[in-house]
Amino acid sequence: MSGINNLSSVSSPSTVVIVSSGGSAMPELPEVETVKRGLAPQLAGRRILEVTLGKTDFVDEPELLLRELPGRVIRLVERYGKFLLLRLEAAKESVPSRDDGALLVHLGMTGWLVPQAASQPRAKHTHAALLLDDGRELRYVDQRRFGRMAYLDRDRLETELRRWGADPLETSRPEFERRITGRRARVKALLLDQRVLRGVGNIYADESLWRAKIHPAVLGSRLSKQTTDALYHALRRILLRAIRMRGSTISDFLDAEGLPGEYQRHHRVYGREGKPCVRCRSLIERVMVAGRSSYVCPHCQRPPRGFRTVGLDKRVRNPNASTGKRNALRRLNSKATRRAQGFF
Ligand SMILES: [Zn+2]
């Protein structure tokens, strides 16, 4: 079922990058950073010889990939929020038309990018294969195709990158404060909104809110300077620590060396519904905030006045409710919904 079953087809661990994340979790800043660090030394300087595409409903203008990628050299691999960017060298012989550009990849929920020997059979659900000049193929494997792939020339790349908010690891404290407290939206929604901050998802939003003792339903505009400071530092500390531990493995995320991440062992609230808060021993609860399930300590994170957990989605709580799950999946599957929820 999940792409991880194809692990057997993967070659030596040192040449492998697999990213997959099950359930409702998806790779966030630390996981994408981990993948980037694994891929960068393997791909930098490699020339793309040929492009093969399978299903293309997750690709913006697939014909651009087929036309623009062959012959181009991958200059470097970067992370931008939850995106991977393969920066490309301009082709030498054609100055005006083939400018610097990049291949942008979002792994969605179940996507993985893996360089493998071209002679090796492609795994099921391989939807893009870039033949490289070292005899390997960079393969994009994704069962659900919630990801995104696009070739962007220099101008379009600039426009695309301008759409997204600040990287929490690069932004200053005053800039963070301006972005979070200037809005009358719930702080959880603000953390997840990629136009406000880029790279944060459900896991690290919940963990940092718990650390800073902020209920996710509090309005950003209601946060004091002191509380915003606490959130800024909590978020950065948590993201940096998670990067050091190669991200969180919720179900089957594996990093560049084929190892699972370690950070899930350090989750304090995420996924701990019904377990005692490590700070006060109250039982962790799951509540719906801004349409997303959120883990909170009811004692450490006081809800704003008027907030009640009546919005709790019973279908999400009931693991056997397959109709609810199907509906949730259908909602997720709409690209507009995914964008609105800050996936990308
Ligand atoms: Zn607590």
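Two strands are taken to pair if DSSP finds at least two bridges between them, and strands (E, at least two residues) and helices (H or I, at least four) are DSSP runs numbered from the N terminus. On this basis, the predicted model contains an open sheet of five strands with mixed pairing, in the order E2-E9-E5-E4-E3. Strand E2 (59–60) and strand E3 (74–80) form its edges, each pairing on one side only. Residues are numbered from 1 along each chain as its sequence is written. Because the model is predicted, local features need pLDDT of at least 70 and side-chain atom pairs count only at pLDDT 80 or more, while totals for chains, interfaces and linings use all residues.

Within the sheet, strand E4 (residues 83–88) runs antiparallel to strand E5 (residues 101–106), with six bridges between them; Leu85 has Leu104 in E5 as its bridge partner. Helix H1 (residues 29–43) packs on the sheet, touching E3 and E4 (contact: C-beta atoms, placed from the backbone, within 7 Å), and its direction makes about 175° with that of E3. Such angles run from 0 to 180 degrees between N-to-C directions, with axes fitted to C-alpha atoms, for helices over the stretch in contact.

Now to the interior. A nonpolar core is a set of buried Ala, Val, Leu, Ile, Met, Phe, Trp, Tyr and Cys residues joined through C-beta atoms within 7 Å, buried meaning 20 or more other C-beta atoms within 10 Å of a residue's own, placed from the backbone. The largest such core has 75 residues, and Leu104 and Val105 are among those with the most contacts inside it. Helix H7 (residues 225–244) gives the largest share, six residues. Val105 contacts, beyond its neighbours within four places in sequence, Phe83, Leu84, Leu113, Tyr140, Gly147 and Met149.

Notes:
Buried ≥ 20, exposed ≤ 12 C-beta atoms within 10 Å, placed from the backbone. Contact = placed C-beta atoms within 7 Å.
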